[in-house]
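Work through the exercises below with the coordinates open. Try each task before reading its solution.

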Amino acid sequence: MSGVSLTVNGRKIAREVADRVHLGDFLREELNLTGTHLACEHGVCGACNVLLNGVPVRACLQLTAACEGAEITTIEGHDDDALMAELRAAFTRHHGLQCGYCTPGMLATARDIVLRLPDADEDRVRLELAGNLCRCTGYQGIVAAIRQVLADRRA
Amino acid sequence: MKAGDFSYRRAGDVAEATAALAEAGWDGKAMGGGQSLMPMMNLRLAQPTQLVDVSAVPAMRGVSADAGVVRIGAATTHAEIEDGAVPGRLGQIMAGIAADIAYRAVRNRGTVGGSLAHADPAADWPSALLALGARIVVAGPAGGRTLALEEFQQGAFWVALEPEEIIEAAELDEPGPAARWSYRKYCRKPGEFAEAIAAVLHDPGGGTRVVVGALDAAPALLADGAALIGADLERCRAAVAAVAPGLDDYGLQLHAAMLRRALAEVAA
Ligand SMILES: Cc1cc2nc3c(=O)[nH]c(=O)nc-3n(C[C@H](O)[C@H](O)[C@H](O)COP(=O)(O)OP(=O)(O)OC[C@H]3O[C@@H](n4cnc5c(N)ncnc54)[C@H](O)[C@@H]3O)c2cc1C
Ligand code: FES
Ligand code: FES
């Protein structure tokens, strides 16, 4: 067990956690933040992407015990984030989701693309999305949504 | 898909890390970004009982340059290198390689030292840094040593590290102004491990290093690389077959094609 203090969605949290518990399980099972989805649990699918100190990471490959002092933002924590609001609207408009399983991770990556690569073209958006798998949409709507937000911000 | 039981501790400096690993012996493991170790632990392919997190050790973070020698702390992440942490021409070369490793979420955590210690033959730094002539700075409880990457890499997933030792940094010489570089890899999907890799540094001032990677063994530094510059596919097939006699025809063709393209790019 390790004592760990971290901030999750702006809330300060101090807990004792078993060292083997990864951040995805901690968020879902200890904090009831079930918006972070787990699928492959070995880094391939991106369903579990959350922000750690503002950048996307795989929650399934991140030990909770190693999060001392970290700031975590999950899909539940973006209510006041203007960019996330634009992305949500664009995903809705372009049918960027069906079942929604991949969506929290997709949005974490999408936000990173828009912030880090404001000039990204379609090829670059697709390349950057290579680490997020979607079983439903065929990616067309997801790519269209991200491109729209990029274009709106450039305008 | 959950890791087995283990104890975690975060090391504050190199001495603390190596002492903790010495205490744990063969059951201990250093952890960098966890981007190879955690998947292996979740799949129970690795079951260390003691993890020693070295990702926040100050002496292992960041990049410095002095008199043409660039020192890259082992805990420097792929994303930091992608974003320009390494200065100059070497930095340009390394940023290009980093950008094509896995996915940004993995690059935000994964480290150069972890990649070199893990020594997956299909990974990028083991081949790329071999062609760039890297030296590995190893730290242990009894002190440090520095060895060439070709001596450090012993085989697939096998390096010259004792259980109590860690990689502290990689050191590289800044390539000369006329140096030419090419890195070619074949992947089915962006971000996946490569099926074939070729890396060529052609530096009129400092020599030529030609590497073939993603083999069943450690990446191979070809003898007499300079003579291969501009080689055609036939000669590339012979050069690959000489270092990897076990490859089937498909594998041989893929590796030879990557090698030909890399050799052509530096010749152009
Ligand atoms: C989905 C996915 C795709 C990937 N694709 C690629 C790819 O295309 N190309 C590629 O090159 N890599 C790829 N990787 C691997 C990634 O680059 C890892 O970051 C890297 O291989 C390991 O670095 P790490 O810091 O995460 O090491 P860890 O996972 O923490 O450790 C790996 C091994 O190295 C040891 N170790 C770590 N740091 C040190 C140190 N300083 N000294 C001594 N031993 C140490 C550990 O004990 C362990 O044995 C991928 C990973 C994932 C999850
Ligand atoms: S559940 Fe973490 S990447 Fe798939
Ligand atoms: S919407 Fe179902 S997996 Fe993407």
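A salt bridge is a side-chain nitrogen of Lys or Arg within 4 Å of a carboxyl oxygen of Asp or Glu. The model is predicted.

**Exercise 1. A pair in chain B**

Task: Decide whether Arg188(B) and Glu195(B) form a salt bridge, and state how accessible each residue is.

Solution. 
- Step 1. Find the closest N and O atoms of Arg188(B) and Glu195(B): they are 3.5 Å apart.
- Step 2. Apply the cut-off, which is 4 Å. Arg188(B) and Glu195(B) form a salt bridge.
- Step 3. Check accessibility. Arg188(B) has 60% relative accessibility and counts as exposed. Glu195(B), at 28%, counts as partly exposed.

**Exercise 2. Pairs that join elements**

Task: For the salt bridges Glu128(A) with Arg116(A) and Glu171(B) with Arg135(B), work out which elements are tied together.

Solution. 
- Step 1. Take the pair in chain A. The closest N and O atoms of Glu128(A) and Arg116(A) are 2.9 Å apart.
- Step 2. Glu128(A) is in helix α4 of chain A and Arg116(A) in helix α3 of chain A, so the bridge ties together parts 12 residues apart in sequence.
- Step 3. Compare the burial. Glu128(A) is buried, with a relative accessible area of 8%, whereas Arg116(A) is partly exposed at 21%.
- Step 4. Turn to chain B. Glu171(B) and Arg135(B) bring their closest N and O atoms to 3.8 Å.
- Step 5. Glu171(B) is partly exposed at 21%. Arg135(B) is partly exposed at 23%.
- Step 6. Widen the view. Glu128(A) and Arg116(A) belong to a network of salt bridges that also links Asp112(A), Arg124(A), Glu82(B), Asp83(B), Arg104(B) and Arg107(B). Over all chains, the whole structure has 25 salt bridges.

**Exercise 3. The interface**

Task: Describe the contact between chain A and chain B by residues, area and polar pairs.

Solution. 
- Step 1. Count the residues. Chain A gives 32 residues and chain B gives 30 residues.
- Step 2. Take the area. About 2,300 Å² is buried between the two chains, and carbon and sulfur atoms give 56% of it.
- Step 3. Find the main contributors on chain A. Arg20(A), Leu61(A) and Leu63(A) supply 27% of the area that chain A buries against chain B, more than any other three residues.
- Step 4. Count the charged pairs. There are 3 salt bridges between chain A and chain B. Lys2(B) forms a salt bridge with Glu41(A), with closest N and O atoms 2.8 Å apart.
- Step 5. Count the polar contacts. The interface has 10 residue pairs in polar contact, both residues being at pLDDT 80 or more.
- Step 6. The elements giving two or more residues to it are β4 (55-58), α3 (103-116) and α4 (122-128) of chain A. The largest share, 4 residues, comes from β4(A).
- Step 7. Sort that side by class. It has 15 nonpolar, 7 polar and 10 charged residues.

**Exercise 4. Loop residues**

Task: Characterise Glu41(A), Ala214(B) and Asp81(A) in their loops.

Solution. 
- Step 1. Glu41(A) sits in the loop between α1 (23-30) and β3 (49-52) of chain A. Its phi is near 55°, a positive value in a residue other than glycine. Glu41(A) is buried, with a relative accessible area of 9%.
- Step 2. Ala214(B) lies in the loop between β13 (207-213) and β14 (220-221) of chain B. Its phi is near 60°, again positive in a residue other than glycine. Ala214(B) is buried at 12%.
- Step 3. Asp81(A) is in the loop between β5 (71-73) and α2 (82-93) of chain A. It counts as buried at 18% relative accessibility.
- Step 4. Look at the side chain of Asp81(A). One of its polar atoms lies 3.2 Å from the backbone nitrogen of Leu83(A). The backbone nitrogen of Met84(A) lies 2.8 Å from a polar atom of that side chain.

**Exercise 5. The cores**

Task: Which residues have the most contacts inside the largest nonpolar core?

Solution. 
- Step 1. The core has 53 residues.
- Step 2. Those with the most contacts inside it are Met94(B), Trp125(B), Leu129(B), Leu132(B) and Trp181(B).
- Step 3. Another core, of 33 residues, lies apart from it and includes Val8(A), Val17(A), Leu38(A) and Tyr8(B).

Definitions and conventions: Residues are numbered from 1 along each chain as its sequence is written. Chains are lettered from A and ligands numbered from 1 in the order in which they are written. This is a predicted model: local features need pLDDT of at least 70, side-chain atom pairs count only at pLDDT 80 or more; totals for chains, interfaces and linings use all residues. Side-chain values use heavy atoms; hydrogens and water are left out. A nonpolar core is a set of buried Ala, Val, Leu, Ile, Met, Phe, Trp, Tyr and Cys residues joined through side-chain atoms within 4.5 Å. Buried means under 20% relative accessible area, exposed over 50%, partly exposed in between (1.4 Å probe, protein chains only). Contact means heavy atoms within 4.5 Å. Buried area is the accessible area (1.4 Å probe) that two parts lose on being put together, summed over both. A polar contact is a pair of N or O atoms within 3.5 Å; within protein, one must be able to donate a hydrogen and the other to accept it, and residues adjacent in sequence count only if both atoms are side-chain atoms. Ala, Val, Leu, Ile, Met, Phe, Trp, Tyr, Cys and Pro count as nonpolar, Asp, Glu, Lys and Arg as charged, and the others, Gly among them, as polar.
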